[in-house]
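Colleague: I would like to learn how to read a model like this one. Please take me through it feature by feature.

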Amino acid sequence: MPSAVWRFAVVLGFPLGLAESEYDAMLVPGWGCVVVPMLSVSQEALAFLTLGLVRPWGEVWPRWIPCLRGRRIPVLAAAVPAALGAFACTVYGVLFVWTTLHADMAITPWGEWVMTVCYVPIVAWGPLLAVVTTHYYRRRTHAEVSDNP
């Protein structure tokens, strides 16, 4: 969520210590005003799906989905995309750290501090998603073995 808030602040023109050249690189104003918010909305929607790994609606299809309502969600249908997401988030986190340490951004020290604070949760997201995915898979496969004597 913090990185999405930071991106929306960039698009809305809040002073975040970035030089004009950084806004130009993000195409703000311009296409970046569409792409950057859509990235944030997509990120938050995918993050919301993580709750399905720890909530009952991640095990049984909701009532509002025709033809599937009430049926158990196949374990791999949730675990495989979650594992791929964990991998992608981990790679993104590593690349973020690498590029931040090696980038020559035109940003003030306080602006860099704000940006780093907003993006640090993404660095942890991948490994934490991997842990939750592993727990989901083990819990669901153990429950299925127990249900079938």
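Colleague: Is Arg140 buried or exposed?

Modeller: Buried means under 20% relative accessible area, exposed over 50%, and partly exposed in between, with a 1.4 Å probe and protein chains only. Arg140 has a relative accessible area of 1%, so it counts as buried. This is a predicted model, in which local features need pLDDT of at least 70 and side-chain atom pairs count only at pLDDT 80 or more, while totals for chains, interfaces and linings use all residues. Residues are numbered from 1 along each chain as its sequence is written, and side-chain values use heavy atoms, with hydrogens and water left out.

Colleague: Where is Arg140 found, and which residues does Arg140 touch?

Modeller: Helices (H or I, at least four residues) and strands (E, at least two) are DSSP runs, numbered from the N terminus. Arg140 is found in helix H5, residues 109-147. Contact means heavy atoms within 4.5 Å. Not counting residues up to four places away in sequence, Arg140 touches Gly58, Glu59, Arg72, Ile73 and Val75.

Colleague: Which side chain is joined to that of Arg140 by a polar contact?

Modeller: A polar contact is a pair of N or O atoms within 3.5 Å; within protein, one must be able to donate a hydrogen and the other to accept it, and residues adjacent in sequence count only if both atoms are side-chain atoms. Here the partner is the side chain of Tyr136, with a polar contact of 2.5 Å. On helix geometry in general: an α-helix has 3.6 residues a turn, so residues three or four places apart point the same way.

Colleague: How many helices and strands does the protein chain have?

Modeller: There are five helices and zero strands, and the pattern along the sequence is α-α-α-α-α.

Colleague: What does the radius of gyration say about the protein chain?

Modeller: The radius of gyration is taken over C-alpha atoms, and the globule rule is 2.2 Å times the number of residues to the power 0.38. A compact globule of 149 residues would come out near 15 Å, but the protein chain has 19 Å. Along the principal axes, its C-alpha atoms fill a box of roughly 65 × 30 × 20 Å. Of the 149 residues, 28% count as buried.

Colleague: Which residues have the most contacts inside the largest nonpolar core?

Modeller: A nonpolar core is a set of buried Ala, Val, Leu, Ile, Met, Phe, Trp, Tyr and Cys residues joined through side-chain atoms within 4.5 Å. The largest one has 15 residues, and those with the most contacts inside it are Trp6, Val10, Leu16, Leu18, Tyr23, Val28 and Tyr119. Helix H1 (2-11) and H5 each supply at least two residues of this core. Apart from it lies another core, of seven residues, among them Val75, Ala78, Ala82 and Ala86.

Colleague: Why is H1 described as largely enclosed by the rest of the structure?

Modeller: H1 is described that way because seven of its ten residues are buried. They are Ser3, Ala4, Trp6, Arg7, Ala9, Val10 and Val11. From helix H3, Ser40 touches Ala4 and Arg7, as well as Phe8, not counting residues up to four places away in sequence. Ser40 is itself buried, at 1% relative accessibility.

Colleague: Where does Met26 lie, and which residues does Met26 touch?

Modeller: Met26 lies in the loop between helix H2 (20-25) and helix H3 (32-49). Leaving out residues up to four places away in sequence, Met26 touches Val10, Leu18, Gly32 and Val36. Met26 is partly exposed, with a relative accessible area of 25%.

Colleague: How far does helix H4 reach from its first C-alpha to its last?

Modeller: The expected span of a helix is 1.5 Å times one less than its number of residues. Helix H4 (residues 75-102) has 28 residues and reaches 40 Å, close to the 40 Å expected. Its buried residues include Val75, Ala78, Gly93 and Phe96.

Colleague: What is the phi of Cys67?

Modeller: Most residues other than glycine have a negative phi. Cys67 has a positive phi of about 70° although it is not a glycine. Cys67 is found in the loop between H3 and H4 and counts as exposed, at 67% relative accessibility. Gly13, which follows H1, also has a positive phi, near 85°.
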